[in-house]
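Here is a friendly briefing to read alongside your sequence and structure. Have the viewer open and follow the topics one by one.

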Amino acid sequence: MNDLTNEIHVHSNTGMTKGDSPTDTSENSVKCEKKKRFGISKIFKRNGKGGGTNDDAGSDGDESSPDGEKKISERRKGFVEAPPTMKKSFSERQASSAIEGLNLSNFEQPMTPDTEVKEFRIFAGTWNVGGRTPNYELNLEDFLQVEGCADLYVCGFQEIVPLSAGNVLVIEDNEPAAKWLALISHALNKPRNDPYSIADSSISNILNKSSNSKDSKTHNFFHKPNLKVLSKNLRADSSLLKICNCPVESPSGERHRLRKLNDSTDKSDSGNAINCQENTDTSCSPCAATQMTYSLVASKQMVGIFLSVWARKELVPHIGHLRVSSVGRGIMGCLGNKGCISVSMSLHRTSLCFVCCHLASGEKEGDELKRNADVTEILKNTQFPKICKNPNPLAPERIIDHDRIIWLGDLNYRVSLSYEETRVLLEENDWDTLLEKDQLNIEREAGRVLNGFSEGRILFAPTYKYSHNSDSYAGETGKSKKKRRTPAWCDRILWRGNGIEQLSYIRVESRFSDHRPVCAVFAVEVELKNRSNGRFRKGYSCAAPRRLEYDDCILERHSFYGV
């Protein structure tokens, strides 16, 4: 502004000559004053987008009038006092190339979160089978609660082989593990609308496929199957399941992975599975059991401990980072007759860890400290291999770092009472008093084991130890006094993490071993990529029609003594 004014004065001074008269001088002064005012008004007109009206720009004579001066002062005052947002409207500056390159269309769209939450059902079951090998007559449908139709099944077993020196020190027998896999596969994939399905022929066919013999017809259920071959036949493509499925900038890699997984899981019977994730019709029956099929995701045996994880085929493409780890805590603190097997995986964008353990046995005072030490060493020494290069990986290397953890097995914690005291309380069905003396509850409340883990309310009788093929606890008859043990809740299921709700926690009445199997169903929240087309609905699971309540699953209290 000052430069412009000086320029005007310079032109006015240079415009005068020695021959100019005073009259000419006064006229020149008036002209210079007009030019000065016109220059100021022109600046504001040029810099202000809407600073002046057509009338203001129409004549120069108005600018020199008192009204024109008033308008100029009002414009100057409005420009100086205007807030920043208004200054932008007054000053139409030249847009830089950087600003012109910005894509502002995204700001016009409503902001939506990158992820949404979907609820899945996970079944977890644990069973110490006492070293017994199953036959085809064993029905696992009650144990697996197949009518509930979970999305994932986690099946943990202990003592699937006798814990003899040969199995522990020499070579483990994997024949029972193969038979358990065949029984689970048959129970999960059996057509629900065919109650007369013959189990022995179906299971025999499964096992015969794992035989190394070319003539499978000559083999029956009692021929030794090959666990490795059977697992391969039942399992989805494990090489693809181990691939990192972290979100990437370009979706082409993820689409390629999903396509390969879908091809590998559906090539045998692509028409059997119903993809409820891509079905926007809410009338889709969540438990269309005749079309449900399950694939083996992972399985691992360590002497007598055996863990397998199964998933609906529709979920397999969304499973990644699959890793397995085992820790021995048996003889010399390292052999596999005791210890744990852990499976780590990610489902969509949530990390899951399943731990199946068999802890130190014994009901003497102080034995609970050995079990505490086993848990500590398991948490310390379980190390999953690193396979994810993402800066924010979904594949934790430690158990405790996973988003959701389910811990199950024969934890072997006993009741700190004598056999006689425990028997009196059992006859009175006073389980609450017994649970107050439960070692696991005592150790957890004292903060000495499994900190941060939760367990549902126990509303069933102690699961150990029963006489063979009987509903009586060992020691109640003369023949079983030598094997007498104080009844206890040795078989337990716990969990850790947000977004987990236990829907049921029960035991199953089976006389197959001296333990009663225990199972639980969880509603687990899983984060997945947000779908703007509404394919996924929060809180809806394709595998469960309704939320189970405790009252639906709890067995009525009864006495084993006829009281």
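**A strand, a patch and some backbone angles**

Strand β2 (residues 152-158) runs antiparallel to β4, and six bridges join them. Please keep in mind that this is a predicted model.

- Strand β4 covers residues 305-312, and eight of its eight residues are buried, so the rest of the structure largely encloses it.
- In a regular strand, side chains alternate between the two faces of the sheet.
- In β4, I305, L307, V309 and A311 point one way, while F306, S308, W310 and R312 point the other way, and all are buried.
- β3 and β4 form a hairpin with two residues between them.
- In that turn, V303 has a positive phi of about 55°.

- L169, V170 and I171 make a nonpolar surface patch of about 360 Å².
- L169 sits in helix α7, which spans residues 165-170.
- L169 has 55% relative accessibility and therefore counts as exposed, the cut-off being over 50%.

**Backbone details to look at**

- Most residues other than glycine have a negative phi, and most peptide bonds are trans.
- Q145 has a positive phi, near 50°, and is not a glycine.
- You will find Q145 in the loop between α6 (141-144) and β2.
- Is Q145 buried or exposed? Its relative accessibility is 17%, so Q145 counts as buried, for which the value must be under 20%.
- N412 is a residue other than glycine with a positive phi, near 65°.
- The loop that holds N412 lies between β8 (404-410) and α14 (419-427).
- N412 counts as buried because its relative accessibility is 3%.
- A cis peptide bond joins Y464 and K465, with omega at about 5°.
- K465 belongs to the loop between α16 (439-445) and β9 (491-496).

Notes. Residues numbered from 1 in each chain as written. Predicted model: local features only at pLDDT ≥ 70, side-chain atom pairs only at ≥ 80, totals over all residues. Heavy atoms only, no water. Patch = residues over 30% accessible without salt bridge, like charges linked within 9 Å, V, L, I, M, F, W, Y side chains within 5 Å. Areas by Shrake-Rupley, 256 points an atom, 1.4 Å probe, with all protein chains shown as cover. Salt bridge = Lys/Arg side-chain N within 4 Å of Asp/Glu carboxyl O. Helix = DSSP H or I, 4+ residues; strand = E, 2+ residues; numbered from the N terminus. Buried < 20%, exposed > 50% of the residue type's maximum accessible area, 1.4 Å probe, protein only. Pairing = 2+ DSSP bridges.
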